[in-house]
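Here are a few notes to read alongside the model. Have the structure open as you go through them, and take the points in order.

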Amino acid sequence: MTLVNRTIWEPAADAWETSRLGSFATHVARAGGPTVVSYEEALGWSLAEPGAFWSAVADWGGVRFHDEPTTSLGSAAMPFAEWFPGATLNHAELALRQAVETPDATAIVSLSQTRDRIELTWAELADQVARCRAGLAACGVGRGDRVVAFLPNIAETTVAFLATASLGATWSSCAPEFGVRAVTDRWTQVDPKVLLTVDGYRYGTKDIDRTGHVEEIIAALPTLEHVVRLPYLDPDGEDGWSALLDHDPASAAASMDFESVPFDHPLYVLFSSGTTGLPKPIVHGHGGITLEHVKSLALHYDLGPGDRFSWFTTTGWMMWNFLTSAALVGATAVLFDGDPGSPDLSTLWKLAADERVDVFGVSAPFVMACRKEGLRPGDDHDLSRLRHLGSTGAPLPPEGFEWIADAVGGHVQIGSLSGGTDVCTGFVGPAPTLPVRIGEISTCMLGCDVQAFRPDGTRCDSGETGELVITQPMPSMPVGFWGDDDGARYRSAYFEEFPGVWHHGDWITFDENGSCVITGRSDATLNRGGVRLGTSDFYTVVEAFPQVSDSLVVHLEDADGGPGELILLIATAPDVDLDDDLVRSIRTALRAELSPRHVPDVIDRVRVIPRTLSGKKLEVPVKRMLLGAAADQAASRDSLADPTALDAIAAWITQRSER
């Protein structure tokens, strides 16, 4: 694979000296560690001596243990590497440190299309956490219990999470837009004691009542002992939240304590998308998440006290957990709940300008939608404070990089990030001292030994596409899967393909500079006549047409070794027909920009392209349907952004069979 390799952003000449990454390196040297003077040297040390590196992150980042570990890395064998054995700590305690340092500074800004803006200082956040903790304790919540939240990305959700963590209880959240089945498929696996919920929310100008959903969810969770209702859509509705926090602030603060838990004690349970079966209940520990997020936010995003951090996310996506960890480095978290396209696509750019955001994150599809709409946020809003724009959720095409530099501002570092719910972070992404090249992710992140493997388990050369693997443990790799006592399900998910090596399931290509490109899921790759191509390259070409709003490509292999059948399904823009001229133009572009082998055998129109709630296309489930699986066997409807999208595919398959 040929990479573009054209630099689009350069760090300042003094970036190393002025960044927290440079400060960390100075700390390491003064503590008797190696002297490193570049990102490349820091990365090399973090991989050569992972125990020493992560111990230094804890020391520099102020991660104080109640009980000191006997060592930093007891066993590096995967799965189930042993990090910081003997250590005890509490994530919430570390997240609230800033309340002592700068109590009157802003901790959270909560913006919503359902209600007015809310701002909390660190002192106010600590007070609400203390009172919420007292309320949860009065409900009988203690160490090891599960608290689940059907709440949006608002301040109260962060308060409840930190209160839950302070007790040593385990958190799990689902966004209120999730369907009942999507929620119950997740939470019936963890037997929660307390449910926190809203009554509904406003999405743009539309009120979404969720009271019926809530009652169905409650009925499906027999272990629930308490339901706490937050009146959000209807401010005059039942108010269990105020009752939960109805504790004297002084006495709540006096009784505020943080349960001291082992390094790998469950902090929260995140879930996979669940498109092809029950969602995997991925357990993350207090210690691993704390260290990983301190490293990522401070060393890669250069965030600290006084900085403002925002990422458009819902509480059903791991980026909410990542955003909430802004507290670990003392940065202000700017939250948003609502429709990013209402009243138009400038909504989030206005937020970034009005709230003076330093580091702002969105999804790659959002960037491309803004580009297609012809937006120029840098001209329309004051984004002079914005220094970093993060992009994740899907590969960001080269055109997205160019649009950001031109329309948002050349001063903005473009931070394409890839990782996942499985590790609750990115493992390839940006660094404040590295240049950004068009279409490329800048580097492996510190402590992340990401490589490209051939099918035989050997490492790929530069420029060669292979399976994305991680060959050394990371602290934020899952503690395990909930209920998977013998670890069989966990091993099967990540370690069957290459024993002892984490197999992530993406195609990745590294260049000689250490930057990389991810080209889609390896189980959805296109391979015709020996030419292999990730689906993201395909979508870059097709979705550049203004007449195309979304697309999905599937390759049906020929068992006899022939070229098989390549099928391209398109959702057109409003009031656009898929006519012969458009089909011809798409074929011509694919032949010219990719290869003649990648001209589809079939190009047809469907009403909507199936995507998960987090925006990922359902290539593999659609392929299963084309091979004969029923829609409900191919994917869970409640895991989809539009539950009827599978019906559109099924209808097309029926029409195809009748032609």
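1. A word on terms before the strands come up: two strands count as paired if DSSP finds at least two bridges between them. Please also keep in mind that this is a predicted model.

2. Let's start with a hairpin. Strand 28 and strand 29 run antiparallel and are joined by 4 bridges. Between the two strands of the hairpin lie 5 residues, and Gly-514 has a positive phi near 95 degrees.

3. How many of the 6 residues of strand 29 are buried? The count is 5, so strand 29 (residues 516-521) is largely enclosed by the rest of the structure.

4. His-503 deserves a look of its own. This residue belongs to strand 28, which covers residues 502-510. Is His-503 buried or exposed? With a relative accessible area of 16%, His-503 is buried, because the cut-off for that label is under 20%. The side chain of His-503 makes a polar contact with the side chain of Glu-467, at 2.8 Å. Leaving aside neighbours within four places in sequence, the residues in contact with His-503 include Leu-468, Val-469, Tyr-494, Phe-498 and Ser-522.

5. Now for a second region. Here you will find an open sheet of 3 strands in the order 32-33-34, with mixed pairing.

6. Ile-570 stands opposite Arg-605 in strand 34. Helix 22 packs on the sheet and touches strand 32 and strand 33, its direction making about 55 degrees with that of strand 32. Helix 24 packs on the sheet too, touching strand 32, strand 33 and strand 34, and its direction makes about 125 degrees with that of strand 33.

7. Finally, these helices also meet one another. Helix 22 (residues 619-626) and helix 24 (residues 645-658) pack at an angle of about 35 degrees, with axes 10 Å apart, and their crossing is right-handed. Helix 22 contributes Val-622, Met-625 and Leu-626 to the contact, while the residues from helix 24 include Trp-652, Ile-653 and Arg-656. Which kinds of residue make up the contact of helix 22 with helix 24? They divide into 8 nonpolar, no polar and 1 charged.

Key. Residues are numbered from 1 along each chain as its sequence is written. This is a predicted model: local features need pLDDT of at least 70, side-chain atom pairs count only at pLDDT 80 or more; totals for chains, interfaces and linings use all residues. Side-chain values use heavy atoms; hydrogens and water are left out. Buried means under 20% relative accessible area, exposed over 50%, partly exposed in between (1.4 Å probe, protein chains only). A polar contact is a pair of N or O atoms within 3.5 Å; within protein, one must be able to donate a hydrogen and the other to accept it, and residues adjacent in sequence count only if both atoms are side-chain atoms. Contact means heavy atoms within 4.5 Å. Axes are lines fitted to C-alpha atoms, for helices over the stretch in contact, and angles run from 0 to 180 degrees between N-to-C directions. A crossing is left-handed if the near helix is turned anticlockwise from the far one by less than a right angle, and right-handed if clockwise. Ala, Val, Leu, Ile, Met, Phe, Trp, Tyr, Cys and Pro count as nonpolar, Asp, Glu, Lys and Arg as charged, and the others, Gly among them, as polar.
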